[in-house]
Amino acid sequence: MPMRRALIAGNWKMFKTGAEAVDYVRDFLPRVAHAADREIMIAPAFTALEKTAEALAGSSVALGAQNLFWEAEGAFTGEVSPKMLAAAGCRYVIIGHSERRQHFGETNESVNRRVRAALQAGLKVVLCVGETERERSAGETFSVLDKQVRKGLKSFVASELDELVIAYEPVWAIGTGKTATREQAEEAHAFIRTLIANLFSAGMAAGLRILYGGSVKPENIAELMAMPDIDGALVGGASLNPEAFARIVLY
Ligand code: PGA
């Protein structure tokens, strides 16, 4: 099996000011100083990015953003471009999170444009996919994942996707305390990996990191990470506390 370096990513959502982010980083970094075999990323709100980047300087923890707009610049009130994120110190950007799809009208088509713009600007992408509770009950989980991956990555070729990470986040598990069982997560991850092999190449599929997200906690990370196709986690609520997030990183 190819070696895929685990990635543990914290999505802070709409929490923490710049000052709060700096306090967090001061507490968090010493706790994870010896976690060299895994990659860590944190994604604060836009307003906290530069302060967080300064606080992270000299550490191996990567900075990510939670969204972007695809144009480089222009009359797009309220939006932030890939170039601005890179200049603020971001190495990663999360794209297509279910909260963006649910509350802000994000579609597979707009996700596709964002992925392209991010990769062109040299950012690594965490592309989020996942079914709702209704879709799962209706037996549509795999068809939803198929559509989200296929459309989200439309018109790409494998060589353009070296910096892609996919996060499988069942919507019913996000912020609900209801984690997918490790079997449910593994089944979805394996499905996504096979789909990537069919759409792109076996080599790309073998190297692709697929993260699980949805109520990941210090108590359940180890059993999830033990599954063959789970290569890391995208953590919301539990990443807001440096002690809890460090325990997840050091699972
Ligand atoms: P949660 O969020 O860990 O709070 O469930 C995960 C996410 O939305 O990325």
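The model is predicted, so local features need pLDDT of at least 70 and side-chain atom pairs pLDDT 80 or more, while totals for chains, interfaces and linings use all residues. Residues are numbered from 1 along each chain as its sequence is written, and side-chain values use heavy atoms, leaving out hydrogens and water.

User: How are helix 5 and helix 7 oriented: parallel, perpendicular or oblique?
Analyst: Helices here are DSSP runs of H or I with at least four residues, strands are E runs of at least two, and both are numbered from the N terminus. The axes, lines fitted to C-alpha atoms over the stretch in contact, with angles from 0 to 180 degrees between N-to-C directions, come within 8 Å and cross at roughly 40° for helix 5 (residues 108–120) and helix 7 (residues 141–152). Angles under 35 degrees count as roughly parallel, over 145 as roughly antiparallel, 65 to 115 as roughly perpendicular and the rest as oblique. That makes the pair oblique.

User: Which residues of helix 7 meet helix 5?
Analyst: Contact means heavy atoms within 4.5 Å. On the helix 5 side, the residues are Asn108, Glu109, Val111, Asn112 and Val115. Their partners in helix 7 are Lys147, Gln148, Lys151 and Gly152.

User: Within what arc do the buried residues of helix 2 fall?
Analyst: Buried means under 20% relative accessible area, exposed over 50% and partly exposed in between, with a 1.4 Å probe and protein chains only. In helix 2 (residues 49–56), Leu49, Thr52 and Leu56 are buried. Taking directions from the helix axis to the C-beta atoms, these residues line one face of the helix, because they fall within an arc of 65°.

User: Which exposed residues does the other face of helix 2 carry?
Analyst: The buried residues have cover that includes helix 1 (18–31), strand 2 (39–43), strand 3 (62–65) and helix 3 (82–87). The face turned away from that buried side carries Glu50 and Glu54.

User: Is Lys13 buried or exposed?
Analyst: Lys13 sits in the loop between strand 1 (7–11) and helix 1. Its phi is near 55°, a positive value in a residue other than glycine. With a relative accessible area of 18%, Lys13 is buried.

User: What is the relative accessibility of Ser155?
Analyst: Ser155 lies in the loop between helix 7 and strand 6 (164–168), and its phi is positive, near 70°. Ser155 counts as exposed, with a relative accessibility of 59%.
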